[in-house]
Amino acid sequence: MPGMRSQAALPSPPPDALAASQALASRIAQRIRLRGGWIGLDEYMAMALYEPQLGYYAGGSRKFGGAGDFVTAPELCTLFGACLARQCAQWFESCAHRVVEFGAGSGALAVQVLGELDRLGFTDTEYLIVELSGELAQRQRERIARELPQALARVRWLAVWPDAIDGVVLANELLDAMPVRAFARVPGASGQPARVMERGVALARAGAGARR
Ligand SMILES: C[S@@+](CC[C@H](N)C(=O)[O-])C[C@H]1O[C@@H](n2cnc3c(N)ncnc32)[C@H](O)[C@@H]1O
């Protein structure tokens with residue numbers, strides 16, 4: 001609604017979340033100063049999401065499911081993973097019995113896919129999880145150990161993308177969590193050709209209004 005500030009409807013974060021947010025903001029500000037006043041959007045996103053102990057995916061708060069910040073398909077229903085497992089089984093006719101999941105969140109999809117593949121007879125399936133967040137990797141391990149202990153020995157965690165993959169690659173709701181560089185085409189002034197400039201984050205000067 002015109003004139004309405006959406007911020008007014010948001011609840012205040014609990015004190016520990018607020019303290020973590022302030023600590024992260026000051027670490028980002030420190031990095032911006034260190035870099036001479038500007039960092040690219042990719043560096044900003046990487047810190048906001050993955051800065052050890054403080055970033056969104058590294059800070060320990062509950063993120064997935066009804067009690068968290070957002071819900072994804074594998075958290076809603078086991079059918080999602082079961083359907084993907086059947087597709088994996090078809091692909092296994094022409095590749096290794098291996099699934100590589102990028103960004104496995106709470107581990108829900110891994111449990112569903114491995115469980116259904118077991119039911120279909122693919123009990124030798126190896127499952128590799130590429131996960132940047134150490135905290136989430138730990139949660140995934142605990143969940144698989146709890147809900148599908150017989151498969152745990154076939155699951156491995158990688159911190160970097162493998163150079164080559166023989167198997168099926170899965171990723172759900174991953175791309176928007178990846179730090180990216182952003183560029184803008186800026187029209188040239190008075191007959192000059194347009195320029196491409198990188199978008200980034202700088203500190204607002206004290207007293208300056210919000211920038212667009
Ligand atoms: C929005 S969550 C989605 C989680 C899960 N796939 C689901 O559907 O519930 C994004 C996930 O991607 C992971 N992630 C982000 N960037 C990544 C990258 N470059 N490589 C691997 N995982 C990444 C995050 O740590 C997190 O587990």
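1. Let's start with the ligand. It is surrounded by 20 residues, and the closest are Y50, T72, G103, E131 and N172. To count here, a residue needs one of its heavy atoms within 4 Å of the molecule. Keep in mind that you're looking at a predicted model, where local features need pLDDT of at least 70, side-chain atom pairs count only at pLDDT 80 or more, and totals for chains, interfaces and linings use all residues. Residues are numbered from 1 along each chain as its sequence is written, and side-chain values use heavy atoms, with hydrogens and water left out.

2. Now the polar atoms around the ligand. An oxygen atom of the ligand sits 2.5 Å from a polar side-chain atom of T72. A ligand nitrogen is 2.8 Å from a polar backbone atom of G103, and a nitrogen atom of the ligand is 3.5 Å from an N or O atom in the side chain of W161. The protein buries 96% of the 600 Å² that the ligand exposes when taken alone. Those areas come from the Shrake-Rupley method with a 1.4 Å probe; for residues, only the protein chains shown count as cover. A polar contact is a pair of N or O atoms within 3.5 Å; within protein, one must be able to donate a hydrogen and the other to accept it, and residues adjacent in sequence count only if both atoms are side-chain atoms.

3. Have a look at E131, one of the residues closest to the ligand. You'll find E131 in the loop between β3 and α6. Is E131 buried or exposed? E131 counts as buried because its relative accessible area is 10%; the cut-offs are under 20% for buried and over 50% for exposed, with partly exposed in between (1.4 Å probe, protein chains only). The E131 side chain reaches the backbone nitrogen of S133 at 3.2 Å. Setting aside neighbours within four places in sequence, E131 has contacts that include G103, L136, Q140 and L158, where contact means heavy atoms within 4.5 Å.

4. A polar atom of the Q140 side chain lies 2.8 Å from the backbone oxygen of G105, while the side chains of Q140 and W157 are joined by a polar contact of 2.9 Å. Beyond neighbours within four places in sequence, Q140 also touches other residues, among them A104, S106, I129 and E131.

5. On to the sheet. Four strands make an open sheet with parallel pairing, in the order β4-β3-β2-β5. Its edge strands, each pairing on one side only, are β4 (155–158) and β5 (168–171). On average, neighbouring strands of this sheet are turned by 20 degrees against each other, direction ignored. Helices (H or I, at least four residues) and strands (E, at least two) are DSSP runs numbered from the N terminus, and two strands pair if DSSP finds at least two bridges between them.

6. Which strands does β2 pair with? β2 (residues 98–102) is joined to β3 (residues 126–130) by five bridges, and the two run parallel. Within that pairing, V99 stands opposite Y127 in β3. β2 is also joined to β5 by four bridges, again running parallel, and here E101 stands opposite L170 in β5.

7. Two helices lie over the sheet strands. Helix α5 (residues 108–119) lies across β2, β3, β4 and β5 and runs at about 170 degrees to β3. Helix α6 (residues 134–147) lies across β3 and β4, at about 175 degrees to β4. Axes are lines fitted to C-alpha atoms, for helices over the stretch in contact, and angles run from 0 to 180 degrees between N-to-C directions. In β5, V168 and L170 are on the covered face, with V169 and A171 on the uncovered one. In a regular strand the side chains alternate between the two faces of the sheet.

8. E173, in the loop between β5 and β6 (183–186), has a positive phi of about 55 degrees although it is not a glycine. S190, in the loop between β6 and β7 (195–198), also isn't a glycine but has a positive phi near 30 degrees. E173 counts as exposed because its relative accessible area is 53%, and S190 is exposed because its value is 74%.
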